[in-house]
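User: Could you show me how to read strands, helices and cores in a model like this one? I would like the general idea before each case.

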Amino acid sequence: MTPTLLPLYVHPRVDPAAWRAAGNGSGELTVIAEGPVDAELTDAVGRLAKSGVATLGRVDVAFATRPVADLLDEVEGWAGCPVAGVFLDQAPTSPFCLGPIALAIRVARRAGLFTVVLNPGVPTDPLYRELDIPICTFEGSWAEYRRWTGEGALPGDGHLVHSVPADAMATARALLRERRAGWGLVTDRTPPNPYAGPPAWL
């Protein structure tokens, strides 16, 4: 079974049931939490850790349009929460934007956040492979995933697939395995925010 990476972009105060459901996941589940980091989020992440579920803190790179100082401050902010690392979301793909990403990775590791995942959501410039971190090369709907050729992706990359009908779940999971995804998500949840809660199967 492909390990699951579950973005859970809802605060535990707003939806405690979603966080309890995530705690029922196995060691094959990693949750991505969205800040800001506060006492309630820290407690919820701590409970997940005690149940064997790792958490990454989401950092919105905004396709390298954010001021670097703000980006690094947010990375360091996750060091105050018991997360395993950070999820650099909306990452750029251009080789000319590699510098801020490399710096964010260095700052994360110095802060003890050793797991760093990059999410451009599409295949990226090969130079990003030299960073030696996991890369998500697909993020989109089930219809888009079926049409996707996989060009530019490598075995072990992450694939995040939303809007999967209940009767297509098994097929979607099989396609992730066929495409040799190293980790991923298949969820029935749909836009505008497919990560505002856990999938029905959890």
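**Reading buried elements**

Analyst: Gladly! This is a predicted model, in which local features need pLDDT of at least 70 and side-chain atom pairs count only at pLDDT 80 or more, while totals for chains, interfaces and linings use all residues. Residues are numbered from 1 along each chain as its sequence is written, and side-chain values use heavy atoms, without hydrogens and water.

User: Which residues of strand β1 are buried on its two sides?

Analyst: In a regular strand, side chains alternate between the two faces of the sheet. Here Thr4, Leu6 and Leu8 on one side and Leu5 and Pro7 on the other are all buried (under 20% relative accessible area; exposed is over 50%, partly exposed in between, with a 1.4 Å probe and protein chains only). Strands (E, at least two residues) and helices (H or I, at least four) are DSSP runs numbered from the N terminus. Five bridges join β1 to the parallel strand β2, residues 29-33, and Pro7 stands opposite Ile32.

User: Why do the buried residues of α3 lie on the same side?

Analyst: Leu71, Leu72 and Val75 are the buried residues of α3. They share a side because they cover an arc of only 95 degrees around the axis, taken from the directions from the helix axis to the C-beta atoms.

User: Which residues touch the most other members of the largest nonpolar core?

Analyst: Nonpolar side chains tend to be buried together in soluble globular proteins. A nonpolar core joins buried Ala, Val, Leu, Ile, Met, Phe, Trp, Tyr and Cys residues through side-chain atoms within 4.5 Å. Among 49 residues here, they are Trp19, Val31, Trp78 and Leu88. Helix α4 gives the most, with six residues.

Note on methods. Two strands pair if DSSP finds at least two bridges between them.
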